[in-house]
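Morning, everyone. Let me put one model on the screen and walk you through it.

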Amino acid sequence: AVLPGFLAEGEEALLAAEVEPHLRRRPYQEQHWDGAIHKYRETEKLHWSTESQEILRRVREAAFPPQVLQLAQVHVLDLDKTGYIKPHIDSVKFCGCTIAGLSLLSSSVMRLVSERNPQDWLDLLLERRSLYILRGPARYEFTHEILKDEESFFEGKKIPRERRISIICRNMPLISS
Ligand SMILES: O=C(O)CCC(=O)C(=O)O
Ligand SMILES: [Fe+2]
């Protein structure tokens, strides 16, 4: 699911200002240890201002059923204008059934491709200030990726990629023995 306009302009500015000091200290990394993410920097953030906590509460309420255990740490990912994310499925060891992400500063295109049948794919337009929620088959049976600027088109229309910050909430995996 994609919920366009989930954030007001002021909320986007507030969240961006709050994460900026944590990101600015680091240089952009060429690529992630698992090779999926290029030209990015990231942090995990536990403590938020009261205003941001209220926004994150809204995200969690929209994305997660009331009884699931959520990861307290929020993942903040900053992709450079030239950055992109290659197809991957988030680790089933480290996160649960639902991934909820806010997009700040830039729109982008997220592509979902079925692992079993690569002919079966779908592009999602992640507008700036939208919230996306990946759950069920979209989370477990399809890879997701964020297209690089050169490939960033949605229904034939160019979606220019600027620097993009995503703020991602996840829940805990079910513990199995
Ligand atoms: O930036 C995003 O919205 C997605 C990030 C992602 O796929 C990940 O961190 O696993
Ligand atoms: Fe991911």
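I will start with the ligand site and then turn to a few single residues.

A word first: this is a predicted model.

So, the ligand. Where does ligand 1 sit? It is in the largest pocket.

Which residues surround ligand 1? Going up the numbering, we have H75, L77, I85, H88 and D90. Then come Y132 and H144.

Four residues are nonpolar, four are polar and three are charged.

Next, the secondary structure behind it. Two strands to look at here are strand 4, residues 74–88, and strand 12, residues 164–170. Each of them supplies at least two residues of the shell around ligand 1.

On to polar distances. Take S166. An N or O atom in its side chain is 2.7 Å from an oxygen atom of ligand 1. For H144, a side-chain N or O atom is 3.0 Å from a ligand 1 oxygen. And R170 has a polar side-chain atom 3.2 Å from an oxygen atom of ligand 1.

How much of the accessible area of ligand 1 does the protein cover? On its own, ligand 1 has 300 Å². The protein covers 94% of that.

That is the site. Now the backbone.

Look at K39. Its phi is near 55 degrees. That is a positive value, and K39 is not a glycine. K39 is found in strand 3, which runs over residues 37–45.

Where does E155 lie? In the loop between strand 10, residues 153–154, and strand 11, residues 157–158. Is E155 buried or exposed? E155 counts as exposed, because its relative accessibility is 74%. The cut-off for that class is over 50%.

Last stop, E162. This residue is in the loop between strand 11 and strand 12. E162 has a relative accessible area of 37%, so it is partly exposed.

One distance to finish. E162 and R60 are 102 residues apart along the chain. Their C-alpha atoms are separated by 26 Å.

That's my tour. Over to you.

Key. Residues are numbered from 1 along each chain as its sequence is written. Chains are lettered from A and ligands numbered from 1 in the order in which they are written. This is a predicted model: local features need pLDDT of at least 70, side-chain atom pairs count only at pLDDT 80 or more; totals for chains, interfaces and linings use all residues. Side-chain values use heavy atoms; hydrogens and water are left out. A residue is near a molecule or strand if one of its heavy atoms lies within 4 Å of it. A polar contact is a pair of N or O atoms within 3.5 Å; within protein, one must be able to donate a hydrogen and the other to accept it, and residues adjacent in sequence count only if both atoms are side-chain atoms. Accessible areas come from the Shrake-Rupley method with a 1.4 Å probe; for residues, only the protein chains shown count as cover. On a 1 Å grid over the protein atoms alone, a cavity is a set of points where a 1.4 Å probe fits but cannot get out, and a pocket is an open set with protein on both sides within 12 Å along at least five of seven lines; lining residues have an atom within 4 Å of a point. A molecule sits in a cavity or pocket if more than half of its atoms lie within 2 Å of its grid points. Helices (H or I, at least four residues) and strands (E, at least two) are DSSP runs, numbered from the N terminus. Ala, Val, Leu, Ile, Met, Phe, Trp, Tyr, Cys and Pro count as nonpolar, Asp, Glu, Lys and Arg as charged, and the others, Gly among them, as polar. Buried means under 20% relative accessible area, exposed over 50%, partly exposed in between (1.4 Å probe, protein chains only).
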